[in-house]
Amino acid sequence: MAPPSDVEDDDPVIAEYDVYITPEVEEQQLYVLQYLNRQPDQPFTKATGSQPAELRVKKETGFIEVDVPINIRQNYNRVNGVRWGEAMRKTKGFGQKAFGIASGFERTMPRTGNRPGAEGGPAAPVITAEDDDNLEEYITHFEDANEKGHVLNAQTFGGQILGDDGKGPSYMLGTFRDDQLHLTRLNGLVQLRTQFHHIDASAQLEVVARRREKESQEGAKLAEPKAFIPTVKKAGGDTAAELTQQFMKVANQEPWHKLQYSDEDSELAYDSYSERLFLAPTIDAPKLRSNLNNEQFLDVMSAPSAGKGAKRKNATKEKELIEISDESDEEDES
């Protein structure tokens with residue numbers, strides 16, 4: 001019995017869109033950066049005074065870091081800002097290019113040639129930020145210290161690309177234009193979290209200072225020839241520990257590649273949005289044809305277990321057998 005015409009539908013169709021899928025371009029890499037510790041109404045844009053200053057990526061290991069400027073003139077602890085800024089500056093002077101997992105948790109120490117007792121003469125002791133006599137001067141002349149790189153004036157967000165491994169879902173980015181929905185396949189997602197590189201740098205300075213103090217008291221050990229026995233090792237292991245060790249080594253050795261960052265309101269961003277996220281022209285776009293019937297589509301969407309899938313298939317076979325047997329019985333009776 002058909003429902004009365006005056007009864008309102010509980011789930012009415014309010015809009016219909018023609019769906020288009022943009023072709024994949026080999027040189028185009030599209031990622032979505034998700035800032036998990038940032039409110040949606042506070043985007044990192046020029047309009048909010050927080051446009052990212054630098055974006056860098058390690059292509060092979062998939063690490064991404066974004067540096068966002070910090071407002072050092074409002075609700076800012078200048079003492080800690082100078083202390084952590086100096087720790088970052090000094091460790092980078094040692095040659096430290098990355099921190100944390102992006103560096104394979106490796107620490108770059110001062111070269112052996114600069115240590116006391118080695119060639120090149122005695123080296124100046126490493127001073128931690130807490131013991132630095134210039135700390136008060138940097139705080140007093142804060143603006144000048146900031147311009148010269150003594151202040152931590154950027155917050156770093158980092159994460160690793162979650163690519164499409166063929167096992168999980170394949171994500172797509174949708175853009176609307178009038179009554180059209182254009183879908184573009186994503187190369188991956190990146191969940192960015194706050195990184196505490198300044199804490200790692202401070203801890204690294206303390207380790208270097210303790211090592212220097214020990215060497216000044218006991219004397220640095222000079223390089224001496226050592227006997228060794230050559231051994232043959234496998235090129236690479238396949239255990240979880242060995243694979244992790246190999247990955248950390250690759251992450252430590254891989255350099256950063258800096259990328260150009262354009263604000264969402266810039267002309268370049270609008271041009272890229274129009275050129276890459278829409279299919280043009282749509283008049284000649286081929287229509288998609290599904291290779292699945294209704295029953296197969298329901299199986300795929302519901303992701304049935306092996307048992308359920310087998311029951312569905314068995315039920316279908318039984319139905320076919322029953323229909324065949326009915327026909328055969330009729331023929332026998334005739």
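**Exercise 1. Which residue in strand 8 does Val-32 stand opposite?**

Solution. Before starting, note that this is a predicted model, in which local features need pLDDT of at least 70 and side-chain atom pairs count only at pLDDT 80 or more, while totals for chains, interfaces and linings use all residues. Residues are numbered from 1 along each chain as its sequence is written, and side-chain values use heavy atoms, with hydrogens and water left out.

Step 1: Recall that strands (E, at least two residues) and helices (H or I, at least four) are DSSP runs numbered from the N terminus, and that two strands pair if DSSP finds at least two bridges between them.

Step 2: Strand 2 pairs with strand 8 (residues 188-195) in the parallel sense, over five bridges. In strand 8, the residue opposite Val-32 is Leu-189.

**Exercise 2. Describe the open sheet of six strands and name its edge strands.**

Solution. Step 1: The strands of this open sheet follow the order 2-8-5-4-3-9, and their pairing is mixed.

Step 2: Strand 2 (31-35) and strand 9 (257-259) are the edge strands, since each pairs on one side only.

**Exercise 3. Is Glu-86 buried or exposed, and what does its side chain contact?**

Solution. Step 1: Locate Glu-86 in helix 1, which covers residues 78-94.

Step 2: Buried means under 20% relative accessible area, exposed over 50%, and partly exposed in between, with a 1.4 Å probe and protein chains only. Glu-86 has a relative accessible area of 2%, and therefore it is buried.

Step 3: A polar contact is a pair of N or O atoms within 3.5 Å; within protein, one must be able to donate a hydrogen and the other to accept it, and residues adjacent in sequence count only if both atoms are side-chain atoms. The side chain of Glu-86 makes such a contact with the side chain of Arg-89, at 2.7 Å.

**Exercise 4. Which element gives the largest share of the lining of the largest pocket?**

Solution. Step 1: On a 1 Å grid over the protein atoms alone, a pocket is an open set of points where a 1.4 Å probe fits, with protein on both sides within 12 Å along at least five of seven lines, and lining residues have an atom within 4 Å of a point.

Step 2: The largest pocket is lined by 34 residues, and among those nearest its centre are Gln-29, Leu-30 and Tyr-261.

Step 3: Helix 6 gives the largest share of this lining, with six residues. In the second largest pocket, the largest share, seven residues, comes from helix 1.
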